[in-house]
Amino acid sequence: MYENIVTFRKEDATIEFPTFDGATSGDIRFQFRTTAMQGIILQNTGPFDFIEVQLSFENIIQFRFNVGNGIQVLEKITAYPLNDDTWHTVHVERNRKQAMLKVDQQAPIFIDEPVDQSFKPLNLNSPLVIGAAVDYSDGFVGCIRALQVNGVIMDLRGKVERGEVTYGVSPGCHPKCESNPCFNNGICIEWYSHYRCDCAYTPYRGWDCGREIGVNMLPEYLIRYDFDQSTGGISTDEEQIIIGFSTQVKKGLLMFITDNNTKTEYISVEVNNNGGVKVIIDVGFERDEVNTNIPNVDLANNQQHVVNVKRSNKGRTVTVKVDNYPAAVKTWDLPPNTDTRLDNPKYIYFGRNATTRPGDGFKGCLFRAQFDNLYPLAMAFQDPRPSSVYLEPAGKIVEDMCGFEEITNKPETAEYRPTPAMAPNATTFPSAVPPPPGILSTTDQVILGVFLTLGFLLFIGIVFMLVRSNFKQQHEYKTFEETNPEDYFDSPDYQDPASDTQPLQPATQLNSSQEWFV
């Protein structure tokens, strides 16, 4: 039963079963596992009635139903989170006497059926939908197993494995973080529909913690991290120091840890004059140094290298390892009461320290800086930058990936909800049948309507043209002006307008449209 598990990785993914048979009595049991704050786990609806179980908050389960007398809600609030990515059990039941909700081993809660009215059966007709509402909204993401309806185990896993349901679900319980998608010790935060990588405790950033955080340093640049002194100082005799670099200059301070600016006690990691790495230690018993000895290898070759310095054996052994080359190891034979502790460190410097003149610092790229569980360079480029990080000169030091490319996971294949097929019992329109004799078919009625409409529009157009023509003729007047009076200037019958005589002259009767003056 507990192997009958499916994972819902999409909020609108669902698995359907026959309608819940709970007219007079019925119960449903299941277990769930999630990190989501809320989501409908199952729902079944009818014309007016419904049942629903949902995670309404991180520690609240609700059993809601309606049988015609209003929505009834049973709500169980637990003293612990239910979205803690562990399995929790839910049992809901309704019968003629009462409705019940039980979560895990908590005491159940009840609602009694009204005694002043007759029992109302639960009238449902939709499928029992697991994973979301019947309209695919407000869904649940996480794992569900051991689903029982009225004592019968529902084959959740089988529906998925047989391919009856493919969208947004998978057999078994497979969180996104199961594949360890976060690089470089990033912490995977599970959401089932997606994941998020927390890179806070790494010297990296990015969606998958695959992006180097570095800085391209010039000789005058300085970066300083201030230890938190509010909780008291620390004192260590075993540390791990990691710093990556690339340079072409055979000198420069990579990382410098000290108790104050006068270098009373300190550990310094530097590039030496031979193109190797030098670690200088002065923690009270004596000042000494350890140099790498890598034959025929010049680390000042503008390629990326990572230095790992580790103090062990209560501060009596120092190991310096660069990349995969043989490590340089030095051990001091000291009396038991020898002071080997680095007392109360206050600062970590990069590029140069407070006593180094501007222009004499490291030139190149620094990345992957770590002192025990501190990642100072990562903090230097946070937004907003913490007050414990100081950059000099301000405004000029910017983040750089130091020649690395960001590492990411392959994007997941996009999923799309398939177009739902018409349900077998869905209402459909009847097939066309021949009309009775003497009655036009639907097609013939449409054709006749089109012709009648066109005929009516043609008739309206003809009437309009006739009315317009008649109106124009009624507003014309007659005139005897010559059409071209200049043609009569040379005629013997033409009379000067100034003359008093009026000989007979030809005239032409003209029809002219009415003149309009505006």
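**Strand pairing, salt bridges and surface of a predicted chain**

Of the 518 residues in the protein chain, 41% are buried (under 20% relative accessible area; exposed means over 50%, partly exposed in between; 1.4 Å probe, protein chains only). The model is predicted: local features need pLDDT of at least 70, side-chain atom pairs count only at pLDDT 80 or more, and totals for chains, interfaces and linings use all residues. Residues are numbered from 1 along each chain as its sequence is written, and side-chain values use heavy atoms, with hydrogens and water left out.

The secondary structure of the protein chain comprises three helices and 36 strands. Both are DSSP runs, numbered from the N terminus: helices are H or I with at least four residues, strands E with at least two. Contacts (heavy atoms within 4.5 Å) were also counted along the sequence. Among those between residues at least 6 apart, 66% join residues at least 24 apart. The accessible surface of the protein chain is about 29,700 Å². Carbon and sulfur atoms account for 53% of that surface. Accessible areas come from the Shrake-Rupley method with a 1.4 Å probe; for residues, only the protein chains shown count as cover.

Strand β5 spans residues 50-57 and is mostly covered. Six of its eight residues are buried. β5 pairs with two strands; pairing requires that DSSP finds at least two bridges between them. Strand β4 (residues 39-45) runs antiparallel to β5, with six bridges. Asn-44 has Ile-51 in β5 as its bridge partner. Four residues link β4 to β5 in a hairpin. Strand β6 (residues 60-66) is also antiparallel to β5, with seven bridges. Here Gln-54 stands opposite Gln-62 in β6. The hairpin of β5 and β6 has two residues between the strands. In a regular strand, side chains alternate between the two faces of the sheet.

Gln-43 belongs to strand β4. Its relative accessible area is 9%, so Gln-43 is buried. The side chain of Gln-43 makes a polar contact of 2.6 Å with the side chain of Glu-52. A polar contact is a pair of N or O atoms within 3.5 Å; within protein, one must be able to donate a hydrogen and the other to accept it, and residues adjacent in sequence count only if both atoms are side-chain atoms. Leaving aside residues up to four places away in sequence, Gln-43 touches Ile-51, Glu-52, Pro-127, Leu-128, Val-129, Ala-132, Ala-133 and Val-134.

Asn-83 sits in the loop between β7 (71-77) and β8. Asn-83 is buried because its relative accessible area is 11%. A polar atom of its side chain lies 3.4 Å from the backbone oxygen of Ala-36. Apart from residues up to four places away in sequence, Asn-83 touches Thr-34, Thr-35, Ala-36, Met-37 and Glu-58.

Side chains of opposite charge can pair when their charged atoms come close. The whole structure holds 22 salt bridges, each a side-chain nitrogen of Lys or Arg within 4 Å of a carboxyl oxygen of Asp or Glu. One of them joins Arg-94 to Glu-113, with the closest N and O atoms 3.2 Å apart. Arg-94 lies in strand β8 (residues 88-94) and Glu-113 in the loop between β10 (109-112) and β11 (128-130), so the pair ties together parts 19 residues apart in sequence. Both Arg-94 and Glu-113 are buried.

Glu-412 and Lys-176 meet through their side chains in another salt bridge (2.9 Å, N to O). This pair links distant parts of the chain, 236 residues apart. Glu-412 is in the loop between β34 (399-400) and α3, and Lys-176 in the loop between β14 (169-171) and β15 (187-190). Glu-412 counts as exposed because its relative accessibility is 55%. Lys-176, at 15%, counts as buried.

A salt bridge also joins the side chains of Arg-368 and Glu-212 (2.2 Å, N to O). Arg-368 lies in strand β32 (residues 364-371) and Glu-212 in strand β18 (residues 211-212), so the pair ties together parts 156 residues apart in sequence. Glu-212 is buried, with a relative accessible area of 4%. Elsewhere, salt bridges with shared partners join Asp-155, Lys-159, Arg-162 and Glu-164 into one network.

Phe-459 lies in helix α3 (residues 442-474). Its relative accessible area is 51%, so Phe-459 is exposed. Phe-459 contributes to a nonpolar surface patch of about 860 Å². Patches are made of residues with over 30% relative accessible area and no salt bridge; like charges are joined within 9 Å, nonpolar side chains (Val, Leu, Ile, Met, Phe, Trp, Tyr) within 5 Å.
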